[in-house]
Amino acid sequence: MPTTDPTHDPARRSFLDSANDPRADFPIQNLPLGVFVRHGGGAGEQKPRIGIAIGDRIVDVPRCIELKLLDGIKPEAACALCAETLNPFMALGRTHWKQVRRQVAALLDESSRLRDDLGTQMAVLVPMIEAEMLLPATIGDYSDFYASIHHATNVGSMFRPDNPLLPNYKHLPVGYHGRASSIVASGTDVRRPMGQTVTSDAGPPTFGACKLLDYEMEMGFFVGPGNELGTRIAMRDAAAHVFGMVIVNDWSARDIQKWEYQPLGPFNAKNFATTISPWVVTLEALAPYRMSGPPRGEGDPQLLDYLKPEEEFALNITVEVKIASAIMREKKMQPMLVSRGNLRDMYWTIMQMLVHHTSTGCNMRPGDLLATGTISGTGEDSRGCLLERTWRGSKPLTLPDGTERKFLQDGDEVIMNAWCETDGFRRIGFGECRGTILPASD
Ligand code: CA
């Protein structure tokens, strides 16, 4: 895991005022990477470009390289940063990631020569409102875990009241292979899926629009260099393979899931859409928010050696879910806060997920996405999906427009945010992960 350095100095300021607002998601200490296209730009600007978020602007990285503003980075990094996805840069590894972070921080610092050069600023800083964010990488493979013991216990107790946690839970991070083709960037509408559902456990099923549509509040991480097929990533090397993190909404069709999930786990219930936030907050930027944990209880089984942490590793990331119905948006009402949780409450760390995933020799490639599973805490208001939050619909939420929600309705918009705060460091955020439900099309 990276340690802190001058790029994390809380006193550091940018010449851009919007980056110095204490509530800003993207101060100079963050510098997340993403891929954008500029609205209405010239022919060369229609192509996806790598950007770095600062305040309310996007640093056009290839343009900076063209103008020789990042001369301290190596030629291979400069070449990777001129690609249309982050995969080549993710493949380069931590030495390059750190070097680019240092250089970009220096370029945006209040002491930078760019401060008084408005012409160059115009050329390299794109207002976020003039850009569309795309997926940051070509995601070859996507896997999703089940790392919150509170989520696993809550969901397990609905289906198996006497035996909520299965015997494997405390021995390995349980996961499933997700679907990469239907991962979309924040802001993309999500169509309500069709599928087989039953009214009685034994069937028979009918085919129709999902009635129990849900979100799952998760965090995900992008793999960096990765490993060759047939080799494993050891715990001591795991952090070097984690490029950075995004917010993940693992949309879930609960009624489809209930009928199909045994014996091989979810299939169609999860494959119609997964939304991610577009800015990848690097593991470097997250260094100050690392903490001890996760806690294992007194009676918990010993971990097998390959899963034992080299050092304690939990991440203090607050996650929040809000809902706005179509009526609420029409009436300009604020979205309603539905839950707030924290990634530090997970039973398994992202490093354990990565190590376990590769323990068979399964290869990870740059740009692969691994997600944590629903992040739930102990309190009702920290439950990260509606299945838990409304307890299968038995405790509906009342929205400010007066309507009730057990599960998502057409027109509902789900907005997820995440951020890190800790004493002695600047707050950094992940931006937003949002999506609106469209009616099913039959
Ligand atoms: Ca999930």
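Here is a short walk through this structure, one selection at a time.

Before you click anything, note that this is a predicted model, in which local features need pLDDT of at least 70, side-chain atom pairs count only at pLDDT 80 or more, and totals for chains, interfaces and linings use all residues. Residues are numbered from 1 along each chain as its sequence is written, and side-chain values use heavy atoms, with hydrogens and water left out.

**Stop 1**

Strands (E, at least two residues) and helices (H or I, at least four) are DSSP runs, numbered from the N terminus.

Are Asp144 and Glu216 buried or exposed? Buried means under 20% relative accessible area, exposed means over 50%, and partly exposed is in between (1.4 Å probe, protein chains only). Asp144 is buried at 2%, and Glu216 is buried too, at 5%.

**Stop 2: strand β13**

Now pick residues 217–223. Seven of the seven residues in β13 are buried, so the strand is largely enclosed by the rest of the structure. Two strands count as paired if DSSP finds at least two bridges between them. β13 runs antiparallel to β14 (residues 242–249), with seven bridges; look for Phe222 opposite Gly244. Three bridges also pair β13 with β22 (residues 369–371), again antiparallel, and there Phe221 faces Leu370.

**Stop 3: the nonpolar cores**

Select Tyr215, Met219, Met245, Leu286, Ile317 and Phe430: they have the most contacts inside the largest nonpolar core, which has 71 residues. Such a core is a set of buried Ala, Val, Leu, Ile, Met, Phe, Trp, Tyr and Cys residues joined through side-chain atoms within 4.5 Å. Helix α10 (residues 350–357) gives the most to this core, with five residues. A second, separate core of 46 residues includes Phe15, Ala19, Phe89 and Leu107.

**Stop 4: strand β2**

Finish at residues 49–54. On one side of β2 are Arg49, Gly51 and Ala53, on the other Ile50, Ile52 and Ile54, all buried. β2 makes a hairpin with β3, with two residues between them; Gly55 in the turn has a positive phi of about 55°.
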